[in-house]
Structures are given as structure tokens and as C-alpha cells.
Amino acid sequence: MSDNKINKRNIEMITGDPKKAIIKLSIPMMLSMFLIMLYNIADSVWVVGLGPDALAALGFITPLFVVLVGLGNGIGAGANSLIARFIGANNHKKANNAGFHAILLCIVISIVSTLLIIGFMKPILIMMGVGHTIKYAMDYSHIIFSFLIIFVYAGVASAIFRSEGDMKRATIAIAVTAILNIILDPIFIYFLHFGISGVAWATVISASISSIIMTYWIWGKKDLYLDLSPKNFSYSSKLIIENLQVAIPSTVECLIFSALIIIINYLLFFVSDTNGVAVYTASMRIVQIAIIPLTGIGTAVLTTAGVAYGARNPENLKTAHTFSIKLSFLFAIIIGAIMIILSKPISSIFSYTDASSHLAPQISLI
């Protein structure tokens, strides 16, 4: 099937029946997010072999990383909403311009954030209460945050594909990241003896390759419904503001969630040293898997609701929200039951070494 026909089919899908669109968009999104969590879990599983201190350091850095990457996802969500609305309104020119503005915004914010976070990394970590895991935390964080632009850009580029219903390539890009990261983790950590720095390098390299692939699809192959050529760019403060109106609340949500994790890690470190932080880090990885379907449905609604809003179709807008709430509630009940029943075997994944075997009962309990 030609690329034009695929693009046309994607547009027809997101502008048609909201229920069908949500299902077709959410399933690949769930798969994508599962792959992301799979490589996050792979990081934790391989780091466990370095001991509880290394896993605790990863737990201290994670909330900070979530906030900054959440900013990229927020910009992507803003772009997704804007582009979908313009597609619904059949305004191809503004859809192109919204996509280009999202890329520009992610570059500027990434550069500023990187300079700030690298410059104040050590005092931030000390304030977070990393204690004697500071070396592990510094080794990992300097590499990850030096390449922050890659992760932010990947989130925005993936959102651009999702905004026009192209879930196939959005999923492929994430799959490449996940699979490469899972393969590279043990190589860099144990075979090349990079330790926790190896986790960071594996993550950066896998995300970089995924970003290169998406860049080729957008500007090399040029077979999207959107055309993000520089000739279609016309600076608009209004588009920046409209994007930030979605991005900022999304980022604040991540900030609140991460701040809560930082506080909990700090308290756990006082109560039970690095063991408590390690247990909580592993447990949160499991919780994040459980909420994947709900987040996938929410992301799908962002596109379908945006298209319905742009097309001035209140009936489709109402249907999208009502159907997504019912579907999310059903998934929540099923997944909650599964997690409770399988808590012990799941917890054993994070306690396979002699140094971490004592963590299993606590992980299972949480």
C-alpha cells in the first residue's frame, strides 16, 4: 500500500468513529509504553546486580529525569492536541506550523534545562538526600542529563506521528529504543565494566538511534501527512502559548508526582537507608506497568478529542470522553486483581542476587 493511502487511512480513522479511533490508537500506545517500562525495568534488574546502593541511586535520579522528560512529553501533548485540532478543522498549513513550533520549543527548552541541571547537579542531589550513593548518582546523572535533548526530542517526534494517527511508526521507534537498551545494558554494565554509567550510556545510545530513525521519517523520507519543511514555518507566539497551555499542566503533574517520590525517598533513606529506597524504586516500576493501559487510553483521547474539537463536533467529543472513562475503569479493575495475585513472582524479578534477595518480601508487600 502506498504511503499516501496509509496517510489517508490514518486521517480517516482519527476523524471517524471516536470509539474505534480510541481502540486503534490506544493499543499501539499501550504496547509502546509497555516497551518503555520494559527497558526501565531492565535498567533496574541489571543495576540490582551492582547492589542496593546502585539501585537506590537510580531511584533518586528517576524523579528528576521524569520531570525533565515529562516536559518533553508535555510539549508533545501540546503538539498532539494542536495538530489534531487543525487536522479536524482541515487546516493543513496550521497543522504543519504547529508541528514545527513543537520541535523548535523542545530544542530551546532542552538546551536551557541541560545547562541548569548540569550546573547545579551536585547540590540538587545532596538536597534530595542521596547520602553515600552520591558517586553512583553523579556517574549516572551527568551522562543522562548531558543528552537530555535526545529524550525530549524523541517524545515530541513520537507525538507528531500520533497526532496524525500514525501509531505504527511511533511504536516502531519506541520498540527500537527498548530492545536496544535491553541488549546494551548488560554489555555496558558487566562486559565493558562501566557499572552504573553503562546503564546511562545504553539508554542514551538506544534513544539516539530511535531519534535518528524518526528524524529520517520526518525530514528524509517525507511521507507524513504533515510537511515539516522550513518553508512551511512561520513563527507564531500564539502557537507557542497554546502549546505551553497543554505542556505546562502536564509538566506540573509530573513535577508533583516526582516531588512526592523525592520526599518519600528522602524519608525512606532516614528510616531504612538505601534498602528502603531500593524497595520503593522497584515497587514503583511495577506500579508504572499497571497504569500503562490507562495512560495509553488517555493519550488516544488526546488525539480523538482534539480532532472532534477542531471539527466542531460536540457529539464525537462527548463520546470520546465517556467511552475512555468506561474503558479505563474496566482495565483498572482487571490489572489491580492481576497485580495482587502475582505480587510475589513479580517482586522476585528485582531480587535475584544474594545482595538483593532480602528485598523481595518488602517489594511484594508494597
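Analyst: Of the 366 residues in the chain, 55% are buried, where buried means under 20% relative accessible area, exposed over 50% and partly exposed in between, with a 1.4 Å probe and protein chains only. This is a predicted model, in which local features need pLDDT of at least 70 and side-chain atom pairs count only at pLDDT 80 or more, while totals for chains, interfaces and linings use all residues. Residues are numbered from 1 along each chain as its sequence is written, and side-chain values use heavy atoms, with hydrogens and water left out.

The chain has 14 helices and zero strands; helices (H or I, at least four residues) and strands (E, at least two) are DSSP runs numbered from the N terminus. Contact means heavy atoms within 4.5 Å, and 82% of the chain's contacts with a separation of 6 or more join residues 24 or more positions apart.

The largest nonpolar core has 89 residues, such a core being a set of buried Ala, Val, Leu, Ile, Met, Phe, Trp, Tyr and Cys residues joined through side-chain atoms within 4.5 Å. Among the residues with the most contacts inside this core are Ile75, Leu125, Tyr140 and Phe145. Helix 3 (residues 52-88) gives the most to the core, with 18 residues. Leaving aside residues up to four places away in sequence, Tyr140 touches Leu58, Ile61, Ile196, Val199 and Ala200.

Ser210 lies in helix 9 (residues 196-221). Ser210 counts as buried because its relative accessibility is 3%. With residues up to four places away in sequence again not counted, Ser210 touches Ala173, Ile174, Val176 and Thr177.
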